[in-house]
Amino acid sequence: MASLLRPHEPVSSPSPAVPGFALWQLGFRPFYLVASLFAALSVPLWVAQFAGVLPRPLLAGSLWHAHEMVFGFTLAVVVGFLFTAGRNWSGQPTPTGRSLQALVLLWLLARVLVLTPFAWAAAISNAAFPLAAAVGLARALGAGRNRRNYFFVALLAMLSPAALVVHLEAMGLDWAPGRVGVQVAMDVVLFMLAVMGGRVIPMFTNNALPGTGAQRRPWLERLALGGVLALLAADLLPWHGVPLAVLAGLAALAHAARLALWRLWKTLRTPLLWVLHAGYAWIPVHLLLRAAAELGWLASSPATHALTAGAIGGLIIGMITRTARGHTGRPLAADRWDVACYTLVLGAAAVRVVLPLVVPAAYLPALMGSALLWAAGFGLYAVRYWPVLSRARADGKPG
């Protein structure tokens, strides 16, 4: 566990700089772009389906929405980030050029096939994408002997059977309930967010604001990460009820204490920092709501959306602006358009989670309002960052 806690140290890339069109030069470029476009389109489409305006796809109802949020949008960003970080960690190339194009095409094919009657093709493509991404990452980490990050390869590979479980249930082959596949995948993503958040948020905070004093306590780091792994194990069994509620509650306290040590209140004038703190703050909220749901006090939806719309959405919009700027040689400072993206996405999470809890009769307006805010936030990112992601670095360096 201790090897997961040290911040990564960038290593210069061996790849040559390529002028002009640069979309296929590094993993973050195409995957951030397709993920943001997909986020802007898929959630309004889900709301239209929920309202009865559009027919149901192969994966019916909310299962399609859950599947695409995790295995579509989130996984695309995770792969783009890991391919970019993996090159720095290992000093070795991750997929670029035609191999990167093939991976993006596989991801796009999987998104289309879940809307068609071709059930086995949809299942195979969705299970194949995380495996192919794991192979691409493993080659770089293995060549660079970067053993401390091998666990990311294992986590990506775990998402393959999780996706397959969802599709098998949709085809009537009840190997396991599809919801178990989605829940396990969300736990895997939560662990990734917790690891990377612990590595970079206090580091970014101290680097940008000297004297802030963001801290990491090894025992608390192990407790917070161990709590998420314990939840993952419980969901694989699966456990429910009081034991899981206690486990989620203890994990929530650990993550809240972890966040407090990072000095959120000192970052409020630095949007590129506070968005990461705010996104991470949804993790203890998710865990507390999950504990309440296991005790029967609430439905499970608020806990799910605190993770997906809140933690995943908030941390992703913060990281895809920061890393897109940093890895294209642009200033690490959010402009007003970035702040608008942060406000819209975090606002979407607040509307989706809080409003139905406070005013249960406002469920449908909350759903529609949240979808519009979410689509606007990620749509704005796609429009603003298309030139950044598709053009060569401003400083002339490779990547």
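On a 1 Å grid over the protein atoms alone, a pocket is an open set of points with protein on both sides within 12 Å along at least five of seven lines, whereas a cavity is a set of points where a 1.4 Å probe fits but cannot get out; lining residues have an atom within 4 Å of a point. Grid points are joined across faces, edges and corners, and a volume is the space filled by probe spheres set on the points. This is a predicted model, in which local features need pLDDT of at least 70 and side-chain atom pairs count only at pLDDT 80 or more, while totals for chains, interfaces and linings use all residues. Residues are numbered from 1 along each chain as its sequence is written, and side-chain values use heavy atoms, with hydrogens and water left out.

**The largest pocket**

Select Arg179, Gln183, Met186, Ser300 and Thr304, which lie nearest the centre of the largest pocket among its 28 lining residues. The volume of this pocket is about 710 Å³. At least two lining residues come from each of H1, H2, H6, helix H9 (271-294) and H10; helices are DSSP runs (H or I, at least four residues), numbered from the N terminus. The greatest contribution is that of H6, with six residues. By class, the lining of the largest pocket comprises 13 nonpolar, 10 polar and five charged residues. Here Ala, Val, Leu, Ile, Met, Phe, Trp, Tyr, Cys and Pro count as nonpolar, Asp, Glu, Lys and Arg as charged, and the others, Gly among them, as polar.

**Threonine 308**

Next, select threonine 308, in helix H10. Is this residue, threonine 308, buried or exposed? Threonine 308 counts as buried because its relative accessibility is 6%; buried means under 20% relative accessible area, exposed over 50% and partly exposed in between (1.4 Å probe, protein chains only). Apart from neighbours within four places in sequence, threonine 308 is in contact with Met69, Met186, Gly313 and Trp374, contact meaning heavy atoms within 4.5 Å. A distance of 9.1 Å separates the C-alpha atoms of threonine 308 and histidine 286, which are 22 residues apart along the chain.

**The two cavities**

The structure holds two cavities of 30 Å³ or more. The largest cavity contains about 270 Å³ of space. To find it, select Phe81, Met192, Leu193, Met196 and Met319, the closest to its centre of the 16 lining residues. Helix H2 (61-90), helix H6 (178-208) and helix H10 (301-326) each give two or more residues to this lining, and H6 gives the most, with six. The lining of the largest cavity has 15 nonpolar residues, one polar and no charged.

For the second largest cavity, the volume is about 140 Å³. Select Val43, His65, His305, Arg352 and Ser370, the closest to its centre of the 13 residues that line it. Two or more lining residues come from each of helix H1 (28-50), H2, H10 and H12, with H12 giving the most, four residues. This lining has eight nonpolar, four polar and one charged residues.

**The nonpolar core**

Now select Phe31, Phe73, Phe152, Leu156 and Trp374, which touch the most other members of the 123-residue largest nonpolar core. Such a core is a set of buried Ala, Val, Leu, Ile, Met, Phe, Trp, Tyr and Cys residues joined through side-chain atoms within 4.5 Å. H2 supplies the largest share of this core, 17 residues. Among the residues touched by leucine 156 are Leu75, Pro130, Leu137 and Met192.

**Two further sites**

Select threonine 212, in the loop between H6 and helix H7 (218-236). Threonine 212 is buried, at a relative accessible area of 6%. A polar atom of the threonine 212 side chain lies 2.5 Å from the backbone oxygen of leucine 209. Beyond four places in sequence, threonine 212 touches Thr205, Asn206, Arg263 and Lys266.

Finally, select arginine 393, in the segment after helix H12 (363-390). Arginine 393 is buried, with a relative accessible area of 14%. Its side chain makes a polar contact with the side chain of aspartate 395 at 2.7 Å; a polar contact is a pair of N or O atoms within 3.5 Å, where within protein one must be able to donate a hydrogen and the other to accept it, and residues adjacent in sequence count only if both atoms are side-chain atoms. A polar atom of the arginine 393 side chain also lies 3.0 Å from the backbone oxygen of histidine 327.
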